[in-house]
Amino acid sequence: MNLVMFMTRVIVVGGGASGLAAAIVASKGKSNVMILERNNCLGKKILITGNGKCNYWNENQSVNYYHSYNKELLEEVITLNNQKKVLDFFEHLGVIPRIKNGYYYPYSNQAVAVKMALVNEINSSNIKVVTETFVKEIKREDDKFLVITNNENFVADKVIIATGSCAAPQTGSDGNGYLLAESLGHKLIPVLPSLTQIYGSNSYYKEWNGIRLNALVSLYEEDEKIREEKGEIHLTSYGISGICTFNLSGLVAKGLAKKKKEVIYINFVDELGISNKKDLVRWLDERNEKLGNRKVDKLFDGFINYKLINLFLKIGNIDKDWFWNDLKEEQKLCLANMLVNFKFNVLKVNDFSSAQVCSGGVALTEINIKTMESLKVKNLYFTGEILDIDGDCGGYNLSFAWISGILAGEAVREDNA
């Protein structure tokens, strides 16, 4: 059996965004703090956020951008005071923001700038970092925690579990934190992929592969609209991707897990201000008259991607060499309906390997939402993705990582004991 190598006051399990924030804040109270990280370096996942630019914050911190089975508790987390703590935290780190439409990036537009600001602070705060260390078990013994790893054992007064989720396992997130949480008496909200691609059930998607465009995307569950997104969508060989899709994917995954029918409707001409097929036919009739009765495919030149219109002509059994005025009214309506209300039958969401985050995790009802301390085990804390909070694209998942890490770090500080 491994021997105890080190005794410390605070152990942070996981050196990602929330774990680093927690360790830095905890160390300011002169506490002895140690980070146990399974990778060979800290902050690995930070480097891939925001397409390598690290969208680390968003100034619009409405709870509507966050999701949880206990959403009523979010109001106690996403507070103005906690938002200020995050901005003060990054100012102290020396990160200068480049703000675009409310999105915060490091001024250099490089995710490594955020990672190194955190790592430099870790090093200057004398926080002990032990890498390539996998936590196998955490035991509560008397008033201490025994942390058993693949290398050595550690003893701590307080433990913060900041292991992340199952998303992006290439960064070291394999769901081990969920097992640790369950072993310590916590129940999990079902963990599902979120912020990921959605697969459709039709076979012709390969014909629209590679198209990127702006659209209005509406999600229906059991024939009831539950959310819509407006913005860029990517059409792929298997279905749909892009920010709009990602923001719907968590709801889709939850619905499918409950065996509910999920259907997405896409309006490809929303930016024209057209929302129904009859209005679109009238608009096309007027356009065709101005242009002198064009062939069908030529009528759409300049505002609909040629691959998309050719696919829709094929689905509608309409010859592209036919003239618009020669089409029957039902053919015009059929084509218009696909453009304004295309029905995308959902098959599944992509798996954890492609997901940016996960929904589900440790229930918020089982923690003190103001400190992130477990209500089941004294001096045990949870931060970041392991909790049942996930956010939309736009920096919200990192936002919660910082908030939860700072709150836990404050709670375990020796000067707050």
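Q: Contact means heavy atoms within 4.5 Å; which residues does Trp402 touch, not counting those up to four places away in sequence?
A: Trp402 touches Ala17, Ala21, Ile46, Tyr56, Trp57, Val86, Phe90, Val114 and Leu118. This is a predicted model, where local features need pLDDT of at least 70 and side-chain atom pairs count only at pLDDT 80 or more, while totals for chains, interfaces and linings use all residues. Residues are numbered from 1 along each chain as its sequence is written, and side-chain values use heavy atoms, leaving out hydrogens and water.

Q: Why is Trp402 called buried?
A: Buried means under 20% relative accessible area, exposed means over 50%, and partly exposed lies in between (1.4 Å probe, protein chains only). Trp402 has 0%, so it is buried.

Q: How do you know whether Phe90 is buried or exposed?
A: Its relative accessible area is 3%, so Phe90 counts as buried.

Q: What makes a nonpolar core?
A: Such a core is a set of buried Ala, Val, Leu, Ile, Met, Phe, Trp, Tyr and Cys residues, joined through side-chain atoms within 4.5 Å. The largest here has 83 residues, and Tyr56, Ile138, Val159 and Trp402 have the most contacts inside it. Helix H10 (residues 396-412) gives the most to this core: eleven residues. A second, separate core has 46 residues, including Leu284 and Phe300.

Q: Why is the pair of Tyr56 and Tyr104 given its type?
A: Rings of Phe, Tyr and Trp (its six-membered ring) pair if their centres lie within 6.5 Å; planes under 30 degrees apart are stacked, over 60 edge-to-face, the rest tilted. By this rule there are 18 aromatic pairs. Tyr56 and Tyr104 have ring centres 6.0 Å apart and planes at 80 degrees, so the pair is edge-to-face.

Q: What type of pair do Phe90 and Trp402 form?
A: Their centres are 4.9 Å apart with 80 degrees between the planes, which makes the pair edge-to-face. Phe90 lies in helix H2 (residues 80-93) and Trp402 in helix H10, so the pair ties together parts 312 residues apart in sequence.

Q: How do you know that the charged end of Lys348 sits over the ring of Tyr199?
A: A charge sits over a ring if NZ of Lys or CZ of Arg is within 6 Å of the ring centre and within 35 degrees of the ring normal. Lys348 is 4.8 Å from the centre of Tyr199's ring. Arg140 likewise lies over the face of Phe145, at 4.4 Å from the ring centre.

Notes. Helices (H or I, at least four residues) and strands (E, at least two) are DSSP runs, numbered from the N terminus. Contact means heavy atoms within 4.5 Å.
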